[in-house]
Amino acid sequence: LLLILVLIPGIGKSVNGARRWLNLGVTYVQVTEFVKIAVVIGAAAFTVKRQEYMHSFTKGFAPMFVVMGITSSLIGLQPDLGATVVVLMIAMGVLFLGGLDKRIFTVVFLLAFALGVLMIYLSPWRLERMISYTDVWAYAQGKGYQLSHSLIAFGRGELWGVGLGASVEKLHYLPEAHTDFILSVIAEELGFVGVFVILFAFYSICFYWLVRRAFEIGRQAVRLEKVFSGLVAQGVGVWIGVQVFINGGVVTGLLPTKGLTLPLISYGGSSLLATMVGIALLLRVDRENRILMRGGIV
């Protein structure tokens with residue numbers, strides 16, 4: 001319903017040609033961030049209810065396939081291909097962890113990949129962005145502008161950086177410097193050493209630890225016969241892990257430019273709030289696990 005409301009003029013807010021924000025009067029909310037929570041919970045609930053049919057496409061996967069198709073189409077109308085990819089990966093990850101037949105998973109994955117390629121091919125601006133990704137400097141004044149300035153920021157930082165607060169790229173040269181490309185500004189100001197510390201401290205330790213703990217908590221819940229709670233916890237782990245991987249790949253030029261925030265670091269109220277809700281769900285599952293292991297009742 002929120003994905004439909006955001007497309008209605010006057011209710012949904014359009015920025016740079018994308019209609020992704022819902023006008024609440026006092027603030028704006030990016031709906032797709034909260035769709036991720038709904039997908040985690042919905043896919044987990046569906047998997048538990050259809051557990052005995054996970055080997056069947058018609059009974060075990062087809063209903064979820066329809067829901068995923070409708071949701072992806074609504075997100076695609078905004079348009080937001082990056083969020084579509086994350087939402088689909090969360091849903092498929094939860095279903096796979098819940099016992100979805102590997103053959104069904106492989107076929108659906110290949111089908112989704114083919115549809116993604118088709119969407120890029122049929123959309124001139126997406127195709128231009130993909131072409132610019134392969135040779136960013138040839139399109140530095142066009143679709144490659146954002147990525148080229150991200151790489152310039154990395155280059156200016158050299159070993160030790162230009163100094164905290166001394167970034168030039170964030171002065172309206174690098175679009176979305178405070179959200180999607182926050183790591184580029186860190187690279188410019190703190191250099192290779194600063195980026196290494198960030199990548200090691202946040203990516204290799206904090207995010208790795210968070211995702212790993214999510215899966216451990218999920219497995220513990222499943223062992224305690226709380227399958228729904230376990231899938232929710234693991235779904236949160238898939239969500240954060242996928243988004244961290246994509247964001248890190250985008251800002252370094254390893255992946256095509258997409259508007260995805262770095263969880264808990266990038267500026268963005270909707271992203272921060274949705275991520276905190278996901279972590280709150282994770283903490284709740286962990287608390288219930290501990291109560292059950294002590295012989296309590298939840």
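**α3 against α5**

I looked up how helix α3 (residues 57-76) packs on helix α5 (residues 102-122) in this predicted model: the angle is about 30° and the axes are 12 Å apart. Helices here are DSSP runs of H or I with at least four residues, numbered from the N terminus. The axes are lines fitted to C-alpha atoms over the stretch in contact, with angles from 0 to 180 degrees between N-to-C directions. That angle makes α3 roughly parallel to α5, a label for angles under 35 degrees.

Next I checked which residues meet: Phe57, Phe61 and Phe65 in α3 touch Ile104, Val108 and Leu111 in α5, contact being heavy atoms within 4.5 Å.

**Leu3**

I found Leu3 in helix α1 (residues 2-5). Leu3 is buried at 8% relative accessible area (buried means under 20%, with a 1.4 Å probe and protein chains only). Neighbours within four places in sequence aside, I noted its contacts with Val31, Thr32, Val35, Thr71, Leu74, Ile75 and Gln78. Ser72 is 69 residues from Leu3 in sequence, yet their C-alpha atoms are 10.0 Å apart.

**Confidence**

I read a mean pLDDT of 82 for the chain, with 89% of residues at 70 or more; pLDDT is the predictor's confidence in each residue, from 0 to 100. Where pLDDT is low, the predicted coordinates should not be read in detail.

**Ground rules**

Residues are numbered from 1 along each chain as its sequence is written, and side-chain values use heavy atoms, without hydrogens or water. Local features need pLDDT of at least 70 and side-chain atom pairs 80 or more, while totals for chains, interfaces and linings use all residues.

Key:
Helices (H or I, at least four residues) and strands (E, at least two) are DSSP runs, numbered from the N terminus. Angles under 35 degrees count as roughly parallel, over 145 as roughly antiparallel, 65 to 115 as roughly perpendicular and the rest as oblique. Buried means under 20% relative accessible area, exposed over 50%, partly exposed in between (1.4 Å probe, protein chains only).
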